[in-house]
Amino acid sequence: MINWLRKKKEKNHSKDKIYNDHKKVSDRLANNEHILRQAYSKSSDIVIKSFTFGKNMRTQALLIYLSGTVDVVQIDEHVLKALHLLNDQENDLKLVKNALTVPEIKEVNRFDKIYHEISNGHPVLFIDHLPLAVSLGLSKWATRQVEDASTETVIRGPKEGFVESLETNTSLIRKRIRTPRLKIEQIIVGKYSRTPVVISYIDGLCDPSLVEEIIQRINKIAMDGVFESGMIQEQIQDAQWSPFPTIFSTERPDSFCGALIEGRAGILIDGSPFALILPSTFFMFFSSPEDYYSGFIMGTTIRLLRTFYLFVALLGPSLYVAVTTFHQEMIPTTLLISIAQSHEQVPFPTVVEALLMEVTFEALREAGLRLPRQVGPAISIVGALVIGQAAIQASLVSPLMVIVVAITAIASFMIPHYDASNTVRLLRFPIILLASTFGLLGVIFSVIAILIHLCSLRSFGVPYLEPLAPFKKAGSIDTLIRGPLWKMNIRPHFTGALWNKKRSGE
């Protein structure tokens with residue numbers, strides 16, 4: 001058994017040596033072809049094309065690429081036809097590069113780098129008697145067209161949203177910030193996925209120590225594959241055991257660029273339409289991009305309404321449970337009699353009613369999200385109506401409890417950010433249990449505990465409740481209210497842009 005395991009380990013080690021080979025390219029084309037065919041054996045999508053070129057057709061060459069990742073038409077037009085027109089000095093690398101009308105040409109002399117170029121969709125050209133290969137920038141991946149942001153919809157504002165293509169996303173950013181100060185640094189993450197991760201910031205506005213910290217945390221990620229920005233977010237965020245997200249994610253290029261102009265940094269991941277913004281504060285999760293497009297009076301009114309319904313979504317059912325269970329004297333007599341009559345036929349206590357309805361509604365909400373888009377909303381709405389009415393007729397819950405849960409659900413939909421909405425939905429259940437045990441005292445203790453926890457959170461060194469705790473006068477007009485744009489002329493102090501703290505002018 002031990003010998004079998006040892007042989008299997010040696011076999012796997014030999015396979016890893018093939019793919020992670022740092023061997024240099026040979027000047028003999030046959031040797032290079034043998035190594036490539038051995039590495040890409042049992043890969044039906046690999047294309048290895050051997051041909052001769054030059055006026056006398058004497059020089060042997062080899063082109064290798066992955067099917068479906070390159071522009072074949074461009075290869076025929078700008079590579080194969082151009083090589084066939086070369087003279088007798090075909091093995092002169094300078095002449096070959098001059099003959100190729102390709103936007104990007106890169107010399108590669110090691111096989112591990114060649115594997116990386118092929119995986120990125122770049123065809124690689126080998127020429128006999130040349131001890132290196134040439135990577136050609138002719139990749140063509142299948143990508144989704146730019147569409148509306150599905151999770152951050154607005155009535156007034158840009159309709160473009162990020163897609164899964166990293167090049168498309170960076171172009172959307174360059175389209176809005178047209179300055180050479182915009183920096184885009186790339187890091188490769190994932191042992192097998194080799195996912196490109198981009199760190200974007202504006203030089204002179206973003207604190208250099210923040211960029212160094214981001215790069216350091218990303219470089220520490222040791223995973224086999226990274227396929228979505230949430231996997232990066234979980235690895236690099238502060239307070240990983242906290243239910244509150246400390247890194248803001250967005251699907252909108254305008255929100256991303258607005259954060260960069262404030263002096264923050266952003267992260268884009270190839271294959272994910274969600275970008276990360278950091279450092280992030282609590283109030284970013286409860287503001288909408290539309291707040292800045294509809295005027296400060298309307299923006300302030302909507303924010304105040306959103307703040308009120310945030311407390312309704314968090315504390316609505318727990319306040320009802322606490323008052324009806326322990327503090328009936330706070331309820332007007334007429335309403336108390338009505339509540340008692342509606343609850344007379346219900347066999348469960350109020351807390352069981354609340355938990356039963358909350359869990360049922362959350363199940364309907366998740367089912368509506370997972371069902372096909374055509375039937376999902378209909379199922380969730382009809383299901384809520386039918387189940388709620390049936391539960392009342394069966395005397396499982398009281399009509400007032402259904403109303404409370406429905407108002408709570410509507411209030412949770414007013415939270416513009418999905419991660420923040422999930423946090424409120426999660427905290428609602430323990431607060432209900434505390435309210436059923438200690439009454440209003442349990443609700444007060446829950447609020448105090450949440451505030452203490454929020455005060456202790458940091459996002460890359462920045463207090464989570466800034467600019468209210470600690471209080472910063474310049475930024476406080478863009479928290480619970482939305483001040484006029486001409487008043488918001490000071491960037492957040494934590495950006496490190498002490499020499500350029502004003503948003504406009506020099």
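This is a predicted model: local features need pLDDT of at least 70, side-chain atom pairs count only at pLDDT 80 or more; totals for chains, interfaces and linings use all residues.
## Second largest pocket

Residues are numbered from 1 along each chain as its sequence is written, and side-chain values use heavy atoms, with hydrogens and water left out.

By class, the lining holds 15 nonpolar, 16 polar and 11 charged residues. Here Ala, Val, Leu, Ile, Met, Phe, Trp, Tyr, Cys and Pro count as nonpolar, Asp, Glu, Lys and Arg as charged, and the others, Gly among them, as polar. Helix α5 gives the most, with 5 residues. At least two residues each come from α1 (2-19), α5 (111-119), α6 (166-176), β6 (182-189) and β7 (195-202). Helices (H or I, at least four residues) and strands (E, at least two) are DSSP runs, numbered from the N terminus.

## Salt bridges

Side chains of opposite charge can pair when their charged atoms come close. The structure holds 20 salt bridges, each a side-chain nitrogen of Lys or Arg within 4 Å of a carboxyl oxygen of Asp or Glu.

Glutamate 77 and lysine 81 meet at 3.3 Å, N to O. Both lie in helix α3 (residues 72-84), 4 residues apart, about one turn of the helix. Glutamate 77 is partly exposed at 42% relative accessible area, and lysine 81 is partly exposed at 47%. Buried means under 20%, exposed over 50%, and partly exposed in between (1.4 Å probe, protein chains only). Glutamate 147 pairs with arginine 144, again with closest N and O atoms 3.3 Å apart. Glutamate 147 is partly exposed at 42%, as is arginine 144 at 31%.

Arginine 303 and aspartate 478 form a salt bridge at 2.9 Å, N to O. Arginine 303 sits in helix α10 (residues 296-326) and aspartate 478 in the segment after β12 (462-463), so the pair ties together parts 175 residues apart in sequence. Both residues are buried. Elsewhere, Glu358, Glu362, Glu366, Arg425 and Arg428 are linked in a salt-bridge network.

## Nonpolar surface patch

Leu434, Phe438, Leu441, Ile444, Phe445, Ile448 and Ile452 form a nonpolar patch on the surface. Together they have about 670 Å² of accessible area, computed by the Shrake-Rupley method with a 1.4 Å probe. Patch residues have over 30% relative accessible area and no salt bridge; nonpolar side chains (Val, Leu, Ile, Met, Phe, Trp, Tyr) are joined within 5 Å.

Helices α15 (418-438) and α16 (440-456) each supply at least two of the residues. The most come from α16, with 5. Isoleucine 448 lies in α16 and is partly exposed at 41%.

## A contact across the chain

Valine 70 lies in the loop between β2 (59-66) and α3. Valine 70 is buried, with a relative accessible area of 7%. The C-alpha atoms of valine 70 and serine 139 are separated by 4.2 Å, although the residues are 69 apart along the chain.

Methods. Patches are made of residues with over 30% relative accessible area and no salt bridge: like charges are joined within 9 Å, nonpolar side chains (Val, Leu, Ile, Met, Phe, Trp, Tyr) within 5 Å.
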